Number of protein chains: 2
Amino acid sequence: METETAPQWLTDEEQCAWRTHVEVNRMLTYQLEKDLQPFNLTMNDYDILVHLSESDELRMRMSDLAAATLQSKSRLSHQITRMENAGLVRRENCESDRRGLYTVLTEDGMETMRRVAPHHVASVRRHFVDLVSPEALSELHKALTPIAEHLRSQRGKP
Amino acid sequence: METETAPQWLTDEEQCAWRTHVEVNRMLTYQLEKDLQPFNLTMNDYDILVHLSESDELRMRMSDLAAATLQSKSRLSHQITRMENAGLVRRENCESDRRGLYTVLTEDGMETMRRVAPHHVASVRRHFVDLVSPEALSELHKALTPIAEHLRSQRGKP
DNA sequence: CCCCGTTCGTTCACCTTTCAACTTCTTAGG
DNA sequence: CCTAAGAAGTTGAAAGGTGAACGAACGGGG
């Protein structure tokens, strides 16, 4: 019994769009990372600071933070250890669930956020947002939305 | 003298588009990587195989390959060593420049390409291309093009 | 109550990436 | 020619990431 079917290769337009997308991502990541370097932060660090600073009481459970930043628990654990050593966050026990831990943003971490955020936003503008018209940005958003939804629904499947 | 200016925060629409873009990238990378895992390949491996299979004589200079895949020479060197051990590629001396080396796609590498490509393309379709209309894909491409150009022009600046 | 399956977070061993030092070869200038 | 600047690749150590295994704690069904 034959289970193979002819592969549906991408059309030229599709391939071109796809490759541009991949390329933009890589180059963008590179630039943003580079722009954060003077502050001794990685995008990962920054992302965690953002999540914490936007959360209630400036704290989040490890698991929630891992889910929010799309990393494994293991990786987050290492990451938080590093950031703890840098004084940006601190671990705190969770009263209601004694297995659990909070990552708490320190005053130092907060101050770092305040100092770095304007530069990071400027970086995002310079390399992304300000390079396209509001209409194009809106189209882009519209195109990506169903993809985002699909991918969210796939999280941790077979 | 005052050099600071008020930061140009992102509008809600901008922020939303930006975050979706970042999120899609991370999740997409995760899925594509996962779909290649059964073949014992990473996206990095695959990307290199693509570049080689599309190049003249199925070979590329290390430097060119590093530039094409946006990685450091060091990283590529390690990467090629691994792929060489896996039998996918082989190093070959360059006659015209005795400092130089070619990475050459082996028959095994070629065969792996042929076997894996349909699955990878299907994966790209499933998680990206087929989720949006051709018009939306075209809009997306149009929006990303100026960004790609800008970023290419930034490669290796201060 | 008290298991037993689950969740939480860390740890360990292993792999990948980064960074700087290094070798070898090329090339432009004197 | 010869030399000095610099490009091509590699290397090895240190840092970062992955996945499985683990101990501790929760919590629902006998």
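This is a predicted model: local features need pLDDT of at least 70, side-chain atom pairs count only at pLDDT 80 or more; totals for chains, interfaces and linings use all residues.
View 1. In chain A, three antiparallel strands make up an open sheet whose order is E1-E3-E2. The edge positions are taken by E1 and strand E2 (89–93) of chain A, each of which has a single partner strand, so one side of each is left without a neighbour in the sheet. Averaged over the sheet and with direction ignored, neighbouring strands are turned by 30° against each other. Three bridges hold the antiparallel pair formed by E1(A) and strand E3 (residues 101–105) of chain A, and within this chain Arg59(A) has Val104(A) in E3(A) as its bridge partner. Helix H2(A) packs on the sheet, where it touches E1, E2 and E3 of chain A, and its direction makes about 95° with that of E3(A). Helix H4 (residues 73–85) of chain A also packs on the sheet, touching E2 and E3 of chain A, with its direction at about 115° to that of E2(A).

View 2. Chain B contains an open sheet of three strands in the order E1-E3-E2, with antiparallel pairing. Strand E1 (59–61) and strand E2 (89–93) of chain B lie at the edges, and because each has a single partner strand, one side of each is left without a neighbour in the sheet. From one strand to the next, the twist averages 30°. E2(B) is joined by five bridges to strand E3 (residues 101–105) of chain B, the two running antiparallel, and Asn93(B) stands opposite Leu101(B) in E3(B). Helix H2(B) lies across E1, E2 and E3 of chain B and runs at about 95° to E3(B).

**View 3. Two loop residues with positive phi.** Most residues other than glycine have a negative phi. Leu58(A), although not a glycine, has a positive phi of about 55°; this leucine, Leu58(A), is placed in the loop between helix H2 (43–53) and strand E1 (59–61) of chain A. With a relative accessible area of 27%, Leu58(A) is partly exposed. Asn40(B), likewise not a glycine, has a positive phi of about 60° and is found in the loop between helix H1 (12–36) and helix H2 (43–53) of chain B. Asn40(B) is exposed, its relative accessible area being 70%.

**View 4. The interface between chain A and chain B.** Contacts link 56 residues of chain A with 56 residues of chain B. Between them, the two chains bury about 5400 Å², of which 71% is on carbon and sulfur atoms. On the side of chain A, the residues that lose the most area to chain B are Trp18(A), Met27(A) and Leu151(A), which together account for 11% of what that side buries. Eight salt bridges are counted between chain A and chain B. Glu14(B) forms a salt bridge with Arg125(A), in which the closest N and O atoms are 2.9 Å apart.

**View 5. Cysteines Cys16(B) and Cys94(B).** Taken over all chains, the number of disulfides is zero, where a disulfide would require a pair of cysteine sulfur atoms within 2.5 Å. Of the two cysteines shown, Cys16(B) is partly exposed, with a relative accessible area of 39%, whereas Cys94(B) is buried, with a relative accessible area of 3%.

Notes
Residues are numbered from 1 along each chain as its sequence is written. Chains are lettered from A and ligands numbered from 1 in the order in which they are written. Side-chain values use heavy atoms; hydrogens and water are left out. Buried means under 20% relative accessible area, exposed over 50%, partly exposed in between (1.4 Å probe, protein chains only). Helices (H or I, at least four residues) and strands (E, at least two) are DSSP runs, numbered from the N terminus. Two strands pair if DSSP finds at least two bridges between them. Axes are lines fitted to C-alpha atoms, for helices over the stretch in contact, and angles run from 0 to 180 degrees between N-to-C directions. Contact means heavy atoms within 4.5 Å. Buried area is the accessible area (1.4 Å probe) that two parts lose on being put together, summed over both. A salt bridge is a side-chain nitrogen of Lys or Arg within 4 Å of a carboxyl oxygen of Asp or Glu.
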